[in-house]
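Open your viewer and keep the sequence panel beside it. We will go from stop to stop, selecting as we go.

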Amino acid sequence: MDKGARCERISEDEAMALAASITPDRLHAIGKAALANRRSRYGEKATFVFNLQINPANICGARCTFCNYAASKNDPHAYVMSETEILEKVETLQPTEAHIVGGLNQVWPYERNLELVRQLRNRYPELHIKAYTAVEIAYFAKCVRKSERQVLEELKAAGVETLPGGGAEIFSERLYRQHWKNKIGPVDWVRIHKLAHSLGILTNATMLFGFGDTWTERIHHLLTLRETQDASKGFVCFIPLAFQPGEGRFITHGPTPLETLAVVGIARLVLDNIPHIKSYWPMSGVETGAAGLSWGADDMDGTISEEKIAHLAGAPTPKGMARDRMTETIRMAGFTPVERDGRFKEAGEGHR
Ligand code: V47
Ligand code: SF4
């Protein structure tokens with residue numbers, strides 16, 4: 001733990017030992033060490049981005065057991081956005097980052113997405129476009145019979161700068177077979193991110209937790225990311241995603257707030273080579289999200305505007321947060337709010 005507090009690498013055995021020591025007395029020691037680590041990296045600053053999540057259509061046939069966002073074509077909550085609607089939202093909000101992801105469907109096929117990115121890039125040269133998970137890259141490639149490399153190169157040329165970290169779920173073959181066997185699994189997810197890194201596309205990484213996963217599986221996930229990052233150096237940010245149980249599913253409760261904080265803290269201690277850790281408030285809750293800043297996180301993701309994935313799974317958090325509420329939330333947690341852009345570059349004083 002001391003090594004982690006000093007931002008030094010902890011060994012695999014030490015990381016695994018953390019998993020065995022999540023007892024109430026040890027838990028707070030993890031939090032303290034993670035706070036010391038994030039303070040020595042970022043002092044009292046906590047960043048956020050003024051962003052918009054764009055989910056063009058939620059129609060998806062993958063049927064991941066944990067997902068309430070996806071719909072079949074005739075489901076009452078199925079929707080398809082048009083280009084006009086999307087562009088109007090961007091024009092109205094003028095976000096600095098667009099986070100685009102959707103379901104696996106033929107309503108918004110590859111070429112249509114590519115064209116959307118081109119249009120956004122043409123109209124908003126400064127907009128940071130973070131778009132399409134490794135799952136979507138693999139799906140696009142399969143649908144249009146192109147290589148994943150070609151798809152990534154074309155998206156990059158159109159204007160995609162980074163890939164979001166979704167679709168990683170948790171690196172466990174056991175859970176893969178049970179919960180998301182109709183889309184790519186851990187091995188392909190890591191391979192596609194490595195490929196993106198080799199093409200100069202930076203990426204994020206997520207971990208879905210609290211849906212029947214073990215601490216050993218979580219630490220294995222973190223160690224796999226650390227090892228991948230040693231080799232390809234393209235991960236910018238890690239985002240733990242607290243499971244939202246929704247209604248009538250295989251598990252009735254997501255992780256407790258303290259468990260969420262422990263995951264954030266352990267991630268900060270293990271991932272010595274990934275610069276940023278997000279405390280993702282739509283899934284953890286606003287208060288727990290803000291507390292995550294004292295448990296190793298340095299970033300609150302963003303104002304988001306229209307979050308759908310957590311909310312269709314019953315999350316009680318707001319769908320977006322005004323800039324003022326975000327800065328106030330960070331201040332109340334004892335940190336200095338700093339607006340950043342999608343590249344983690346700090347914005348001008350005017351936005352504070
Ligand atoms: O891949 C689906 C997860 C992810 C549920 O890269 C669920 O900056 C919790 O990846 N409960 C998409 N999670 C969201 C995502 C993300 C979010 C914010 C920032 C970034 C980034 C990435 O949401 C999916 C899946 O793992 N998810 N259903 C659920 N019920
Ligand atoms: Fe589809 Fe993604 Fe939901 Fe899985 S998590 S069902 S791939 S939208």
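Which space does ligand 2 take? Select ligand 2 and look: ligand 2 takes the space of the largest cavity. A cavity is a set of points, on a 1 Å grid over the protein atoms alone, where a 1.4 Å probe fits but cannot get out. A molecule sits in one if more than half of its atoms lie within 2 Å of its grid points.

Before moving on, note that this is a predicted model, in which local features need pLDDT of at least 70, side-chain atom pairs count only at pLDDT 80 or more, and totals for chains, interfaces and linings use all residues. Residues are numbered from 1 along each chain as its sequence is written, chains are lettered from A and ligands numbered from 1 in the order in which they are written, and side-chain values use heavy atoms, with hydrogens and water left out.

**Stop 1: around ligand 2**

Now show the residues around ligand 2. A residue is near a molecule if one of its heavy atoms lies within 4 Å of it. Select Cys 60, Ala 62, Arg 63, Cys 64, Phe 66, Cys 67, Tyr 69, Ala 70 and Lys 183. Colour them by class. This shell has 7 nonpolar residues, no polar ones and 2 charged ones. The nonpolar class is Ala, Val, Leu, Ile, Met, Phe, Trp, Tyr, Cys and Pro; Asp, Glu, Lys and Arg are charged; the others, Gly among them, are polar.

**Stop 2: ligand 1**

Select ligand 1 next. Ligand 1 also sits in the largest cavity. How many residues surround ligand 1? There are 24, and the closest are Lys 130, Gly 165, Gly 167, Glu 169 and Lys 278. By class, the shell has 12 nonpolar, 7 polar and 5 charged residues.

Strands here are DSSP runs of E with at least two residues, helices are runs of H or I with at least four, and both are numbered from the N terminus.

Now look for polar contacts, meaning pairs of N or O atoms within 3.5 Å; within protein, one must be able to donate a hydrogen and the other to accept it, and residues adjacent in sequence count only if both atoms are side-chain atoms. An oxygen atom of ligand 1 lies 2.8 Å from a polar backbone atom of Gly 165. At Gly 166, a backbone N or O atom is 3.3 Å from an oxygen atom of the ligand. At Gln 244, a backbone N or O atom is 2.8 Å from a nitrogen atom of ligand 1. Taken alone, ligand 1 exposes 620 Å², and the protein buries 95% of that. Such areas come from the Shrake-Rupley method with a 1.4 Å probe; for residues, only the protein chains shown count as cover.

**Stop 3**

Select residues 215-232, which form helix 10 and include Gln 229. Is Gln 229 buried or exposed? Gln 229 is buried, because its relative accessible area is 5%. Buried means under 20%, exposed over 50%, and partly exposed in between (1.4 Å probe, protein chains only). A polar atom of the Gln 229 side chain lies 2.8 Å from the backbone nitrogen of Phe 235.

Thr 228 is in helix 10 too. Thr 228 is buried, with a relative accessible area of 5%. Its side chain reaches the backbone oxygen of Thr 224 at 2.6 Å.

Step on to Lys 233, in the loop between helix 10 and strand 7. Lys 233 counts as exposed, because its relative accessibility is 61%. Its phi is near 55°, a positive value in a residue other than glycine. Most residues other than glycine have a negative phi.

**Stop 4**

Ser 305 is in the loop between strand 9 (299-302) and helix 14 (309-312). Phi of Ser 305 is also positive, near 75°. At 30% relative accessibility, Ser 305 is partly exposed.

Next, select His 253, in the loop between strand 7 and helix 11. His 253 is exposed, at 61% relative accessibility.

**Last stop: Val 270**

Val 270 belongs to helix 11 (residues 257-270). Val 270 counts as buried, because its relative accessibility is 0%.

Conventions. On a 1 Å grid over the protein atoms alone, a cavity is a set of points where a 1.4 Å probe fits but cannot get out, and a pocket is an open set with protein on both sides within 12 Å along at least five of seven lines; lining residues have an atom within 4 Å of a point.
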